[in-house]
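The exercises below are to be worked with the sequence and the coordinates open. Each one sets a task and then gives the solution in steps.

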Amino acid sequence: MKKTHSIYVIELNKLVLKNKAFKNANPNYDKSKPCVYVGMTSKTPEQRFLEHTTGARTKKGNKLYSPKVRKYGIRLKPRLYRSHNPMTEKEAKSFEFEKARRLRKRGYGVWQK
């Protein structure tokens, strides 16, 4: 199988902690750790970050971004994902959730789709 996909991690502004759903998803958040968004893509992490932060849409007008990343996204965190890429689509779908689980276990505040 071709390794055409990647996972990526975006640092979020800590103002995201005011979002009740985010707080509920991260009951063990350690205030000394960053808040992040974990995703997967067939594009480069840099292209995907740009889509999130610019509010990109498809030709039909569908969102290509997470509203939380558009509002709170600061920068990519390549040290948290670069060593895992590239991977197959199936691996990326699975590892996206595993990476989020691992980061939460370390005290990070984590958001996913």
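**Exercise 1.** Determine whether Tyr8 and Tyr37 are buried or exposed, and classify the geometry of their rings.

Solution. Step 1: Tyr8 and Tyr37 are both buried, where buried means under 20% relative accessible area, exposed over 50%, and partly exposed in between, with a 1.4 Å probe and protein chains only. The model is a predicted one, in which local features need pLDDT of at least 70, side-chain atom pairs count only at pLDDT 80 or more, and totals for chains, interfaces and linings use all residues. Residues are numbered from 1 along each chain as its sequence is written, and side-chain values use heavy atoms, with hydrogens and water left out.

Step 1: A pair of aromatic rings is described by the distance of the centres and the angle of the planes. Rings of Phe, Tyr and Trp (its six-membered ring) pair if their centres lie within 6.5 Å; planes under 30 degrees apart count as stacked, over 60 as edge-to-face and the rest as tilted. The structure holds 2 aromatic pairs. For Tyr8 and Tyr37 the ring centres are 6.3 Å apart and the planes stand at 35 degrees, so this pair is tilted.

Step 2: Locate the two residues in the chain. Tyr8 belongs to strand S1 and Tyr37 to strand S2, 29 residues apart, and the pair therefore links distant parts of the chain. Helices (H or I, at least four residues) and strands (E, at least two) are DSSP runs, numbered from the N terminus.

**Exercise 2.** Find the strand order of the sheet and state which strands stand at its edges.

Solution. Step 1: The sheet is open, has 4 strands in the order S3-S1-S2-S4, and its pairing is mixed. Two strands pair if DSSP finds at least two bridges between them.

Step 1: S3 (73-76) and S4 (109-111) are the edge strands; each has a single partner strand, so one side of each is left without a neighbour in the sheet. From one strand to the next the twist averages 35 degrees.

Step 2: Work through the pairs made by S1. S1 (residues 6-12) pairs with S3 in the antiparallel sense over 3 bridges, with Ile10 opposite Leu76 and Leu12 opposite Gly73. S1 and S2 also run antiparallel and are joined by 7 bridges; there Ser6 stands opposite Thr41.

**Exercise 3.** State how many residues of S1 are buried and which way their side chains point.

Solution. Step 1: In S1, 7 of 7 residues are buried.

Step 1: In a regular strand the side chains alternate between the two faces of the sheet. Ser6, Tyr8, Ile10 and Leu12 point one way from S1, while Ile7, Val9 and Glu11 point the other way.

**Exercise 4.** Describe how helices H2 and H4 are placed on the sheet.

Solution. Step 1: H2 (residues 45-54) lies across S1, S2 (35-41) and S3, at about 45 degrees to S1. Axes are lines fitted to C-alpha atoms, for helices over the stretch in contact, and angles run from 0 to 180 degrees between N-to-C directions. H4 (residues 89-105) packs on the sheet and touches S1, S2 and S4; the direction of H4 makes about 170 degrees with that of S2.

Step 1: His52 is in H2 and, at 1% relative accessibility, counts as buried. Beyond its neighbours within four places in sequence, the contacts of His52 (heavy atoms within 4.5 Å) include Tyr8, Ile10 and Tyr37. Phe95 is in H4 and counts as buried at 15%; with the same exclusion of neighbours within four places, Phe95 is in contact with Ile7, His84, Met87 and Arg102.

**Exercise 5.** Which residues have the most contacts inside the largest nonpolar core?

Solution. Step 1: A nonpolar core is a set of buried Ala, Val, Leu, Ile, Met, Phe, Trp, Tyr and Cys residues joined through side-chain atoms within 4.5 Å. The largest such core has 27 residues, and Ile10, Leu12 and Leu103 have the most contacts inside it.

Step 1: The elements giving two or more residues to this core are S1, S2, H3 (67-72), H4 and S4.
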